[in-house]
Amino acid sequence: GPFPAVVLLHGCGGLGSRYRTIAGQLTAKGYIVLAVDSFATRGIRQACDNTMPDRRADALGALVYLSKLPNVAADRVAMVGYSQGGIVGLQVASMQPQDIFDIPPSLHYRAAVDFYPLCRMSSDTFTVPSLILIGSVDDWTPAKDCERLVARHKGALVKLIIYPGAAHGFDNPANGDGKREYGHLSKYDSDAAEKSAAEVDAFLRATLGKN
């Protein structure tokens, strides 16, 4: 080291075993990974049909923690969020000022990757380059909201990729041929999953540098 790092931000179902697999894939590419559990200490089992807690401080606290580790390159840290975690990623990447949090002024994320986030919960001005990956038939977090955000956003680069025919959770094999969760469809799409993995790899290399 020091190595670039990735902070994983889970979805509304909590920090399940899936994130261990994702972390393994990222560490194999040379990243240090910190998966943040935003629910355990709050006594929350899930926040899919409950109020979403304010998780921005969790993401920023993870950045501060990583910056103090000698084997982490503090200026090469990215967020990768899924669904609700993607919302958090968008909020941290777009909301300024952050002086309500105890963050050194020189410390900031280098990039954010947001899988199928609810884009209407983001502000319009971005300070962190962001990659949004979403399915065209997502009935939980509509792609149209993300198209509107990208059209009106200011500041740092925001790249949007929409996968035709893909639903929510398209990259999660556990969703199989489709299942209804909290009134919404989640479905695995192998083609979208493969393409999104390549996009994430390229985006992290471009923003964090080669390992």
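How many helices and strands does the protein chain have? In this predicted model, the protein chain has five helices and ten strands.

The overall dimensions were examined next. For 211 residues, a compact globule would have a radius of gyration near 17 Å, and the 16 Å of the protein chain agrees with this. The C-alpha trace spans about 45 × 35 × 35 Å along its principal axes. Of the 211 residues, 49% are buried.

Contacts were then considered by sequence separation. Among those between residues at least 6 apart in sequence, 73% join residues at least 24 apart.

The accessible surface of the protein chain amounts to about 9900 Å². Carbon and sulfur atoms account for 53% of that area. The protein chain carries 22 positive and 21 negative charges.

At the local level, one residue was followed in detail. N172 sits in a loop. This loop runs between β8 (158-163) and β9 (179-181). Is N172 buried or exposed? Its relative accessible area is 16%. Buried means under 20%, so N172 is classed as buried. Which residues does N172 touch, leaving aside those up to four places away in sequence? With these neighbours not counted, N172 touches R18 and Y188. N172 is thus a buried loop residue in contact with R18 and Y188.

Note on methods. Residues numbered from 1 in each chain as written. Predicted model: local features only at pLDDT ≥ 70, side-chain atom pairs only at ≥ 80, totals over all residues. Heavy atoms only, no water. Helix = DSSP H or I, 4+ residues; strand = E, 2+ residues; numbered from the N terminus. Rg over C-alpha atoms; globule rule 2.2 N^0.38 Å. Buried < 20%, exposed > 50% of the residue type's maximum accessible area, 1.4 Å probe, protein only. Contact = heavy atoms within 4.5 Å. Areas by Shrake-Rupley, 256 points an atom, 1.4 Å probe, with all protein chains shown as cover. Lys, Arg positive; Asp, Glu negative; His and termini not counted. Charge placed at Lys NZ, Arg CZ, Asp CG, Glu CD.
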